[in-house]
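Trainee: Please show me how to read a few features of a protein model.
Mentor: Let us take them one by one.

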Amino acid sequence: MRDLMLLETIDEHAIIEALIKRYQKSNIYTFLGPVLIAINPYTKLCINATEYPDLSPKLSLYDPGLIDRFRNKELHLSPPHPFAIAEAAYSDLMRFRRDQSLIITGESGSGKTETSKHVLQYITHASERSHTQPSAHTSATQNNQSLQLRSNVGDKIWKCNQIFEAFGNAQTIRNQNSSRFGKHSFLQFDPRGRITGAYIENYLLEKCRVFQQAYGERNFHIFYHLLDGVTLEERNLWRISSSTSFRCLSHDQNYCHNTSSKDDKAALQQVRQAMMELQITLEEQQTIFQLLAAILWIGNICFEDIIDTCQNSCAVLSSDISREALENAAYLLGLAPHSLEKMLTYRLLTIQSEEQEWKLSASKATKVCHALARSLYEKIFHWIVGRVNQTLGRQTSASACIGILDIYGFEIFQVNGFEQLCINYVNEKLQQLFIVQTLRAEQAEYVSEGLSWDLIAFTDNKGVCELLEDQSKHGIFSVLDEQCAVTQYSEKEFIHRLNTFHAENPHYIKARVRNLSFGIQHYAGDVEYDVSLFAESNTDTFYSHLLSCMHECTVPLVKTLFQVSEVHDFKRPPTTSQQFRSQVTMLLSNLRDCHPNYIRCIKPNDAKMTLIKKNRLKEQIRYLGLVENLRLGRKGYCYREAYTLFFQRYRILSNVTWPSFNFHSARQATVALLSSQEVVWKKGTTSVKFEEDTPTLGSYSLGRNKIFIRTPEALGALEQLREAKLHDIAAILQQSWRRYKKRILLGHFLDAYEELKVAYRAVLTNCMHRRMRRMDANDRCEVERVYTAWKLISQKLLGPFNGHNSRLAKEEMENGVVYAQSHVRAKQGRKRFSRLRQAQITLSKHVRGRQVRHNLPPDLRQACVAVRLGIRTEMERFLGQKKRRRDSLDREYEGDYLGLTQMPAYQTLLRKRSGLSHVVIFASDVVKVNYRFQLQDRVLVLTNTHMLNIRADHPTKPKARRVIDLKLVVSMELSTLSDNCLLFHIEGQADVLLIVEQKTEVVTYVRRLIQENEEKNFPLFDFNAAQI
């Protein structure tokens, strides 16, 4: 059973049994008319085979592929799901152009935040899908840019959730990811249903959590992300070690870490990435994390009292650990340590126009220290919200908007303080709004419209709201503000006044014993509040002199957060309760201006397990008023609208009312519309008509000023009939528009025909007169005037594509083709002639060469035969292998270019070298390149077995600088460039680089000597000079 409206028995037991049966089958969502009931499963769920038989059972219940199944689908035809409620809100926004609000309520830990994510997922996807229908008035490029812009807005909305969860959520006893602030997200749309902008409003950040956490709870997530996710360099820069070093995180630390399911290191990277995508620069991120580290160090500052000379208590640092914490906090804030210490331990007072410093006690200094840290964290949070709104781009001219309210749920702890009172107060106001919109206002409207209606009794929490806020009845917040205005605040006096003012109030619970507490009978249960910290939480202990001191910080962001202009003109700043109540009033005002869509979240148990407790379910069903809503839904009407608006929307459905009608009133026209034969829809095989005050699906009732439709099926049928009729009307409008345009075009054609006919007759008359040889017919001016008028009119009316111009264009194209063909044929002929001419030249050369060889002597003829057979000389082997000068090949080798046989000094040098051959094969002047790339003149002498490098500065006194055995020469390398470089690789010795004019001769001699002596192949390589 998807909808509780179909229950046979309307009572509490039937609702409980239906919800338990669906929960046990993993169906956590159930409809109660237009309201969705969601039970937290505390686990990830897949789709139910009974709800989606054609899909894989392993598919996630929130898979993006399911979104298309809810598009353009009526609520009563969709399975229970947050996507269905989101589609109902989006469709209502598109149909009626009215703002929508998605109000997600429930206890803390009932799954409100996750539900808001699913709703946001659907709306952003639906908005992106609307871009797939391009406008006829925009280009494809503009549509693509619009699609990218809107999808970027949707992505940024998702990213900001990660930031807000890190800075605004914390682990509590009931919820590991509890929202500790209220968030109202607004999505702005254009007339086509596309997201054009967004902005976020936040309410009452629980800033006291920075220093105060209950047993088993954690501080805000961002502190743990910071400690576990920063790099070692950042840890040293911000002087932070681990969470056990900080007092504001040390409460029940092991318990918190064991129960946390967050990967803090990975979460910090996600937060940083989200900040970057929301245009929060890396420098600003580092500054924010630096200030968070400063808050951690401020929490470690402790004071103790000493007695000064005037016998007054003065606050001083209690230990060296506090001194170290003070210095680290001052360093991170950009302050001098003594300035921060003075700021915390002194208060600047103005007495008779003179400023005087007043020493604070240890307790007051601690309060100032905590106030500074809380204020700093709160301002960081508000600054992030402002930057996010700036990036999202709030539009001032949006067509409509959808608000998604995700606010803290009702809380009942062992110790409940001022924050729990504010949280439960806003939940009371939301519950009252729900009662007003769904129970009280609806029944009052039925009575005022004159419908037959029996009032349904319901539980109203108006008395609780008055107990908290009504100033005329000494509301709790008003009494608290009065007590905080007193210099010497007393908790006992506050409790005494509450007991006196509200002793007879049935919703006020007086403490049984004399302690600092009182109780309230909330709609969700009785809650006892401890008032010991009420005054501190409600008043602002952030004194004005602290603001001016913080403005002296060297960190630019701190100056931005603590603007001097924030100092109020009046003496006492507004209390926290006053600020919060004004925010709640504004929130409720925004919600009243929107069409509501409710999702009621239910917590199945307090142990965070996948089981459902009947008693807990019964409590929540009772205070949520589901039984009364069921009775009202079964008996009431799902839709009501003024006659004029209803008639204007649906008058196109009947020929009686469209396109014209003869009725004196909108009520009479509405009745005629619903009674016509065209307004009928099919329900299976039967036709359903609209009938007044009948138990059928088409039942409706007529009020004094409005029409009331009972069933959602009837309203959905009207919308379907209207959608179908709109296509017919669009076709009629298109036909009318085409006829109108054709008539205009026909008029233009008639006028053009008359002008063309006059011009043609003038030309024809002139031709006939010239044939008849009339005297004035050949007047050049007259002929030019007639033909000029004809050309202007023909060009204007016939256009460039008339018959004559088309024939000329066709002939011009044919001429171009013929010309191109002739050009191609001529080019091919020239290529064939060139090949034939080249063949004739080659054949002539062969003939002349044969004649010359025939007349040569026999030895030359034999040499020519060897050349033709490919037999090459030693020199010819180098042909084509490198670039050389012309005289480097095909020349005679002289060997001894210096004439060493005629030089006794060289002969003596060769004889002195034992084991050297006296036969000189090659000798010449060369240039040696040493390891420093310096050029040195040398003489290269090559014998049968050795190669000598001789220094010959004085020809009469040669000196052998190096003697190399040819057996040790491994290989030679020659340059591929036009140079004389020659490189010898010597085994076990340094290589030799020479510049030799007779390089080919040296290579030939060395190669032949080594091959003859060693009987092995000698390698020869090429090298690039750049490699040396």
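Trainee: What do the buried residues of H16 pack against?
Mentor: Start with a general idea. An α-helix has 3.6 residues a turn, so residues three or four places apart point the same way. Now the case here. Helix H16 spans residues 491-501, and its buried residues are Phe494, Ile495, Arg497, Leu498 and Asn499. They pack against helix H15 (476-485), strand E13 (508-509), strand E14 (517-522) and helix H17 (534-538). Buried means under 20% relative accessible area, exposed over 50%, and partly exposed in between (1.4 Å probe, protein chains only). Helices (H or I, at least four residues) and strands (E, at least two) are DSSP runs, numbered from the N terminus. Contact means heavy atoms within 4.5 Å.

Mentor: Some ground rules. This is a predicted model: local features need pLDDT of at least 70, side-chain atom pairs count only at pLDDT 80 or more, and totals for chains, interfaces and linings use all residues. Residues are numbered from 1 along each chain as its sequence is written, and side-chain values use heavy atoms, without hydrogens and water.

Trainee: At what angle do H23 and H25 pack?
Mentor: Two packed helices are described by the angle between their axes and the distance between the axes. Here, H23 (residues 643-650) and H25 (residues 712-771) pack at about 45°, with axes 10 Å apart. Axes are lines fitted to C-alpha atoms, for helices over the stretch in contact, and angles run from 0 to 180 degrees between N-to-C directions. H23 and H25 are therefore oblique to each other. Under 35 degrees counts as roughly parallel, over 145 as roughly antiparallel, 65 to 115 as roughly perpendicular, and the rest as oblique.

Trainee: Which residues of H23 and H25 make the contact?
Mentor: H23 brings Phe646, Arg649 and Tyr650; H25 brings Leu715, Leu718, Glu719 and Arg722.

Trainee: Where does Arg97 lie?
Mentor: Most residues other than glycine have a negative phi. Arg97 has a positive phi of about 55° although it is not a glycine. Arg97 lies in the loop between helix H2 (82-96) and strand E3 (100-105). Arg97 counts as partly exposed, at 40% relative accessibility.

Trainee: Is Phe933 buried or exposed?
Mentor: Phe933 is exposed, with a relative accessible area of 54%. Its phi is positive too, about 60°. Phe933 is found in the loop between strand E23 (922-929) and strand E24 (935-942).
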